[in-house]
Amino acid sequence: MAPFSYQPPTRGDKAGQESHSQSPESNLSHGQSTVAKLLEAKGDAIFAIRPNDTVGHAVEALRDKRIGALVVTDQNGALQGILSERDIVRRLAETPGHTLPQLVEDIMTRDVKTCAPDDLLIDVAKVMNEGRFRHLPVVKDDRLCGMITVGDVVNFRLHELEYEALRMKQMIVG
């Protein structure tokens, strides 16, 4: 067999042929992924705590659930705030040795950014990046319906890219 040398295609090689492997729609399709699609794949589990619970109880829940934040809800499930590992670390630095007995409501973030199931993941990722937070409660009709993380968004997009690459490979081979 003779040695093979790659020669890049020239303008006349494929005259009259169009490539359909990429289009504005396919290049931007990931921009159309929504929070609802991510929740379908991830699930809608929400881990919540009450404002009058102690920080110590919250720390145990974070450890046991292996998560980085808890939503804070009232007895009716309405969102009151969010408590993240970062909130706890800041308070630990301010009140060393006296943090765990404090109440969640004293250190939680009250002004909580949220998203809706119909929000585009690209928009949600921008909000999370600009706000420098990793957890975003999902709210529909004033009710919590999930929690997403920046890691969820990245993993969802990676799976989309893997699927797109597989599809393109199948189109080339097939």
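How do the residues of the lining of the largest pocket divide into nonpolar, polar and charged? Follow the tour to find out.

**Before you start.** This is a predicted model, where local features need pLDDT of at least 70, side-chain atom pairs count only at pLDDT 80 or more, and totals for chains, interfaces and linings use all residues. Residues are numbered from 1 along each chain as its sequence is written, and side-chain values use heavy atoms, leaving out hydrogens and water.

Stop 1: Select Ile-82, Ser-84, Thr-109, Phe-133 and Arg-134. Of the 16 lining residues, these are the closest to the centre of the largest pocket. A pocket is an open set of points on a 1 Å grid over the protein atoms alone where a 1.4 Å probe fits, with protein on both sides within 12 Å along at least five of seven lines; lining residues have an atom within 4 Å of a point. Its volume is about 290 Å³, meaning the space filled by probe spheres set on the points. Now the answer: the lining has five nonpolar, four polar and seven charged residues. Here Asp, Glu, Lys and Arg count as charged. Next, colour helix H4 (85–94), which is one of the elements giving two or more residues to the lining. H4 gives the most, with three. Helices are DSSP runs of H or I with at least four residues, and strands are runs of E with at least two.

**Stop 2: the largest core.** Select Leu-38, Leu-121, Val-138 and Phe-156. They are among the 12 residues of the largest nonpolar core. Such a core is a set of buried Ala, Val, Leu, Ile, Met, Phe, Trp, Tyr and Cys residues joined through side-chain atoms within 4.5 Å. Buried means under 20% relative accessible area, exposed over 50%, and partly exposed in between (1.4 Å probe, protein chains only). Helix H2 (35–42), helix H6 (121–131), strand S4 (135–140) and helix H7 (150–173) each give two or more residues.

**Stop 3: helix H7.** Its 24 residues should span 34 Å at 1.5 Å a residue, counting one less than the number of residues. The end C-alpha atoms are 35 Å apart, which agrees. Pick out Asp-152, Val-153, Phe-156, Glu-160 and Glu-164: these are buried. Their cover includes H2, H6 and strand S5 (143–149).

**Stop 4: Ala-78.** Look in the loop between strand S2 (69–73) and S3. Ala-78 is partly exposed, because its relative accessible area is 28%. Beyond neighbours within four places in sequence, Ala-78 is in contact (heavy atoms within 4.5 Å) with Val-72 and Thr-73.
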